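Notes follow in the order I looked things up.

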Amino acid sequence: MSSLILRTATRYIQPILVLFSVFLLLAGHNEPGGGFAGGLVAAAAYTLYAIAYGVEEARRLLYVSPQGLAGAGLLAAAGSGIPSLLYGKPFMTGLWHEGDVPGFGEIAVGTPLLFDVGVYLAVIGVTLSIVLNLAEEE
Amino acid sequence: MLIAVLSGFALALIAPSLHRLTHKRTGFLVGLLPLGLCVYFVRLASGLDADVAPVRETLAWVPSLGLSLSFTADGLSLLFAALISGIGFLVAIYSGGYLDNHPQLGRWYAYLLMFMASMLGVVLSSNLLAIFVFWELTSISSYLLIGFFHEEEDSRKAALQALLVTGLGGVAMLAGFVLLGRVGGSFEVHELAAGAGLIRGDPLYLPMLLLILAGAFTKSAQFPFHVWLPSAMAAPTPASAYLHSSTMVKAGIFLLARLFPVLGGTPAWTAVVMPVGAITMVFGAYVAMRQNILKKLLAYSTVSALGAMTMLLGMGTDGAVKAAVAFLFAHALYKAALFLAAGIIDHETGERDVRRLGGLARALPITAAGAAAAGLSMAGIPLLFGFVAKEIFYEAALHGPDGWAAALTTAAVVSSMFFVAAAACVAYRPFFGAATETPKRPHEAPASMWLGPALLGAGSLAFGVFPGWIGEGLLNHSASAALGKSVDLHLRLWHGFTPVLGLSAVTLLGGVAAYAVRPRFTAALATVHRGCDAIGPQRWYDGALNGMLVVAKLQTKVLQNGYLRHYLAVILITLVGLSGSVLLTHVKEIRKHVIDSLVIAWETVEFYELGLAVILIIAIAAAVHSRTRLAAIAALGVVGYGVALVFVLFGAPDLAMTQIVIETLTVILFVLVFYHLPPFAIYANRISRARDLLLATSVGVVMGVLTLVATATQAYPTISSYYGEMSYDLAHGRNVVNVILVDFRALDTMGEITVLTVAGVGAFALLKLRLGARSRGDEEGSS
Amino acid sequence: MELVLAVIVGGLYAAGIYLMMRRNIVKLIIGLVLLSHGANLLIFASGGLTRAQSPLIAKDGHVLAPGSADPLPQALILTAIVISFAVTAFMLVLVHRTHQEAATDDLDALTTTDR
């Protein structure tokens, strides 16, 4: 599976895909996208890398284990529900902070963003956990 | 009273831990509660007044169901409560001696207390549903008590039988209660009693009566439901003494008496209850007489006594109900004493067969005295309470319903004769006459054990000499409560030379004669008895149980056969049948709708949409038909991307994006796995393929039509508009789909990513944990 | 287009079920994938079909413009897609391991747990 063209292309495409996935995640609240789509794109990016360079290299590039990523995602998503409890509201009520950021205009940051990040990480973690481990089965 | 009932449950919870601390003294400690309760109930009883309404306490439990914890302290409930707690006290102490070194004695106390508390709940509750709850609790706790020696198969079987028989009866009873509650408009017994006339005239009266009687009869071991009672002798003796003298089996009698003011006294009541009771009485007494094992003998005599009480309540005259109450009290006293004495004999000698017992009075003087008093009471000898009870029993039988008096009196006298013989077997034979060799050398049981028979025997004597003590008080109130009107009960030791006294004399003579001919008689009829046993109710029970197992096995074989496609076929045929039939009833509208949408489609469908559809259909067909895996995967990919295009065309960019990435990853996964698999083989033959194709096509047609109908109808207003309106203002998001996922319905999404993670962990575990391979490797290594 | 979509849904269901009833475990998975496509499209269609109006609130608006696609079924389907992917992946791993252990892809050869 080691074609030079694939390897070379992957070297450029993979970071772009990961960047794109982050964009999807962040833009997802207002434009098409979101944690599910973003996470899948990121997972696809690493899968591509694994095809081009092998699973070992892909794991090194990912830096953390996919299972850990999935766990962290779940934790982040569940944790995003806790702040609302401190305000005496039901679990997982969205809390928002609005503010003006120079150069960006008005921007709102809230717990649903953290939740979406959790979804993003969980999707990456689960997908890669299956794909990479299965690919190692030779 | 609530505390009185619940305290038993509370103590049951801590009894095992308590036993660990106190060891041998637990019996006395635990006994303090029933003793205290008994004193409490007796005090309440002494405060009873015919002119004052009984004390009631009510605590709403599930008001929406009409279920409340309401307790009534009238004569009937207090009589039972006093017996339950009083004998409970003796049994608790007794079990300390009987189960002396049993490793699970702590657990035993827990069961015993739980049972006692449940029984108190049954007799004190005045709400039908609460009675049912406690009733079932007695079934469960008696299951635990009967099956206490769970290492033995007999115990387990007997416990299960008791649970099944009384449990089934309980369910029937619940159905009867529900009917009664609906007809009567309340679940409170005293409110129902006020509307008794209306209830008795209702067309549902007979069904509800029969259902409730099923509950009472199973619990009180009436023929042919009596089978569980003799089997339950596998229980430890203290449990038998408790369950069969004053508690479990009396619950049915209690229910009959409790509901007598509501349901009783009608021709239907008499026609059912009286004969069943009479048959049970004679049958039980006869079978009791030919038993040789002490406990079995007592068990059948209990069946008979229960029959007598049922018969009396079935007769329903004032005199009969009074007699039932008196007989009940007498029976509780002597039967508990005899059971406890039988337990002592078993415990001290290791022998249960009366034929091999004799002369124990020297070794066990106190037990012998107690048992003798109880036995004389059972036989109905003057100066003992049993005599007093039997006198008014005969009196009631003589004044029975028209045309029945002679038959009932004969039945009563005959079974009483057998009682005399049975009493002689239990209380005379083992203690007097020549001593025999027994497996253990007998010596008097510890005080904890003889206390019960001694006290109860003394009670039989004391109440026998002075029947007025209890007759004028508690028993009188009890009979009044059962009849629903104030009556006077006069118990006297000496009635003068009446026909009843003559009957008593005849009974005694006949009983002695029966005792004398007993061994020869049973030997002569042994084959007949065996034949009767072979077709008796125990066989019916076994047959029903086995039948159930056979049906269960059969249906498992048919429905749970392990073939996925069979399960699938069952589900799908049901689906097609149900939805198909609904669709067929609207076939005209649907046909019109299809034609309409055909026209619309013709006018509006864009050519690229049609092209997409054609490609999708071809790809689907290819996925089904392909001979190689790679072709199948490719076709699957085309289907996936095609679906994504549908999402693109109809305003779902999020879906399209997700679908495309997923499809890519799916194809990669498929390739990774299929790489290792063998080529497709065709396993099924042509016929089964055609059959599956037919089923699949019909499901497809139904689902297609359903889609069409679903797009055209809207049964409920959609909630989507809310999300559309609130998405930006509340959640600062313009992508409504994403806002729903991460904000409005975030908890659902949380669940979904949890499922996702579980699937991931599962796959990881499957791949990495090779438990099977490792164990096989070990085997190979060791061999 | 409703009619066309109904035909596609029917086809997906029929094909999915036919494949699920095969003895070959791989066909079973392919069938399940087709079936989940069918279910997704059924939910999608039942929400009503609108051409090209995504459920996005316009830059200058505060509420979703009338005539937009229904966002609720889309949210349902989005998670359904991802979950069915995870389930498919899990099943693929299961098949892979089954084949390693039992060396067969015939479901009828897998009816007992003992070997």
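Predicted model: local features only at pLDDT ≥ 70, side-chain atom pairs only at ≥ 80, totals over all residues.

**Chain B against chain A**

I started with the A/B contact, and found 36 residues of chain B touching 42 residues of chain A.

Next I asked which elements of chain B give two or more residues to the side that touches chain A. My list reads α28 (653–674), α31 (736–744) and α32 (746–768), all of chain B. Of these, α32(B) gives the most, with 14 residues.

I then sorted that side of chain B by residue class. The side facing chain A has 22 nonpolar residues, 10 polar and 4 charged.

**One helix pair in that contact**

How do the axes of α4 (residues 66–79) of chain A and α32(B) cross, and within what distance do they come? I got a crossing at roughly 160°, with the axes coming within 10 Å. Angles over 145 degrees count as roughly antiparallel, so α4(A) is roughly antiparallel to α32(B). I also noted the hand: the crossing of α4(A) and α32(B) is left-handed.

Then I wrote down who makes the contact. From α4(A) I have A:Q67, A:A70, A:G73, A:L74, A:A77 and A:A78. From α32(B) I have B:M750, B:I753, B:T754, B:T757, B:G760 and B:F764.

**Chain B against chain C**

I moved on to the other contact of chain B. Here 87 residues of chain B meet 77 residues of chain C. Helix α29 (residues 686–712) of chain B supplies the largest share of the side touching chain C, namely 13 residues. By class, I get 55 nonpolar, 22 polar and 10 charged residues on that side of chain B.

**Chain C on its own**

Last, I checked what chain C is made of. It has 3 helices and 0 strands, and along the sequence the pattern reads α-α-α. Chain C has 115 residues, and 60% of them count as buried. I also looked at contacts within chain C between residues at least 6 apart in sequence: 51% of those join residues at least 24 apart.

Conventions. Residues numbered from 1 in each chain as written. Chains lettered and ligands numbered in written order. Contact = placed C-beta atoms within 7 Å. Helix = DSSP H or I, 4+ residues; strand = E, 2+ residues; numbered from the N terminus. Nonpolar A, V, L, I, M, F, W, Y, C, P; charged D, E, K, R; others polar. Axes fitted to C-alpha atoms, helices over the stretch in contact; angles between N-to-C directions. Parallel < 35°, antiparallel > 145°, perpendicular 65-115°, else oblique. Left-handed = near helix turned anticlockwise from the far one by under 90°. Buried ≥ 20, exposed ≤ 12 C-beta atoms within 10 Å, placed from the backbone.
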